[in-house]
Amino acid sequence: MMMKKFYLILTCVALCACGGGNKQQAVQSDGSVTIDNSNVITCDFDQVGEERTILLSEWVDDFQIVRFEDNDDAIFKMWWPHITENYVGIRQNRGAFKLFDRQGKYLGNIGNVGGGPGEYKNLYSEAIDEKNGWIYLASLGWKEYLYKYDLKGKYLGEVEMGEYLNKPKIQLLPDGNLAMVHMYFHDSNSTMMAATISPDGKVTKCPDIPKNLHITFRNPQFGGFNHEVWHYGCTDEMKFAYTISDTLYAYDHKTNHLKADFVMKNYRKSDDIYCIYFPLPNKYVTWVKGKGNIVTDLKTQQSYFFKLKNDFVGGLPINTQNSNGYIWAMYEPLQLMERIEKRLEESDCTDADKKVLKELYDSLDEDDNNIMFIGKLKK
């Protein structure tokens, strides 16, 4: 199947995010577009190729099925996972952050819900520093600090940030520093959008605040906490997007600057269409509401719609959810059993697929805790 190449569009600063309409010059090279004086790769939605099926094994190594311990303390209702080499942390909605090892053994709660020291109301992001034995948690908002614990859940104190954080996202970087981005409200007392925190707690604020990411806190219709910060931690640079913007940004903590990184253009057919970016090593995945998933491959310079099939587990379909360098899927046992039953009825389910699926099905108990598929993304 012939796949159309994505186009790198040379444009001026005004194209970014919600704006644009200035002159453009199309190029087909390893060059980039300019947005906010940054070199940016642009994928033209109108040039995206037809849908392909991608096998999960093409993207990941070290596939694992994790069966979480099912005692009363270990049971959880997940909001989002944080996966590292030896741990899986579970962020719950208005619940305690739970820590498991990679075999699913429950290790304990990290902090708890409440108003005392080390307690929180609701969380928005997390980072596990295995080397130093620390866990950082970030509250949804209205806190001037991050929470810091050891791996046994002991509260080590607060990492003071100097101002209120609004839906902060945090990421442990390869050099051991912690990066943070949050929503900047230009009509409030916010002075930063991003910062780097050293292991000893020193905070270095980023001076850049792109105008296209300004949010008005006091506008009840289109402002404040109606927006989200999208961030998944699967690249060495901290990459993120606001729901208010069409542009993915990267925080380069080494130079302490924010730069525009990637944008999907020409995808909006109506006001309720939007996209979410999932930057991965050497590629970008873009989910466009109502349209599907698109991969933009930097090695082949091709972009096409795709569906992901889990060839480790009998060809089950799998979403492109990712966290901290891993693709994952979480299932309640009954939910997974239903998906296996559906897959077994499909005409392309081979005898080898059926054998794997039936063995997994027979091992499931609908009263057990959740089951997780984890695959480490290839670099």
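**Salt bridges and a helix pair**

Let's start with one pair. E163 and K205 form a salt bridge, with their closest N and O atoms 3.4 Å apart. A salt bridge here is a side-chain nitrogen of Lys or Arg within 4 Å of a carboxyl oxygen of Asp or Glu. The pair links distant parts of the chain: E163 sits in strand 16 (residues 155–166) and K205 in strand 20 (residues 203–205), 42 residues apart. Strands are DSSP runs of E, at least two residues; helices are runs of H or I, at least four; both are numbered from the N terminus.

A word on the model. It is predicted, so local features need pLDDT of at least 70, and side-chain atom pairs count only at pLDDT 80 or more, while totals for chains, interfaces and linings use all residues. Residues are numbered from 1 along each chain as its sequence is written, and side-chain values use heavy atoms, with hydrogens and water left out.

Back to our pair. Is E163 buried or exposed? E163 is buried, at 6% relative accessibility. K205 is partly exposed, at 35%. The cut-offs: buried is under 20% relative accessible area, exposed is over 50%, and partly exposed is in between, with a 1.4 Å probe and protein chains only.

Next pair. R91 and E126 meet in a salt bridge at 2.7 Å, N to O. R91 is in strand 8 (residues 87–92), and E126 is in strand 13 (residues 123–129), 35 residues apart. R91 is buried, at 4%. E126 is buried too, at 4%.

Third pair. E332 and K77 form a salt bridge at 3.0 Å, N to O. E332 lies in the loop between strand 31 (326–331) and helix 1, and K77 in the loop between strand 6 (60–67) and strand 7 (78–83), so the pair ties together parts 255 residues apart in sequence. E332 is partly exposed, at 39%. K77 is exposed, at 60%.

Now the helices. The axes of helix 1 (residues 333–344) and helix 2 (residues 351–362) come within 10 Å and cross at roughly 155°. Axes are lines fitted to C-alpha atoms, for helices over the stretch in contact, and angles run from 0 to 180 degrees between N-to-C directions. Helix 1 and helix 2 are therefore roughly antiparallel, a label for angles over 145 degrees. Which residues of helix 1 make the contact? They are L336, M337, I340, E341, R343 and L344. Helix 2 brings D353, K354, L357, K358, L360 and Y361. Contact means heavy atoms within 4.5 Å.

Last, the total. How many salt bridges are there? The count comes to 13.

Notes:
Angles under 35 degrees count as roughly parallel, over 145 as roughly antiparallel, 65 to 115 as roughly perpendicular and the rest as oblique.
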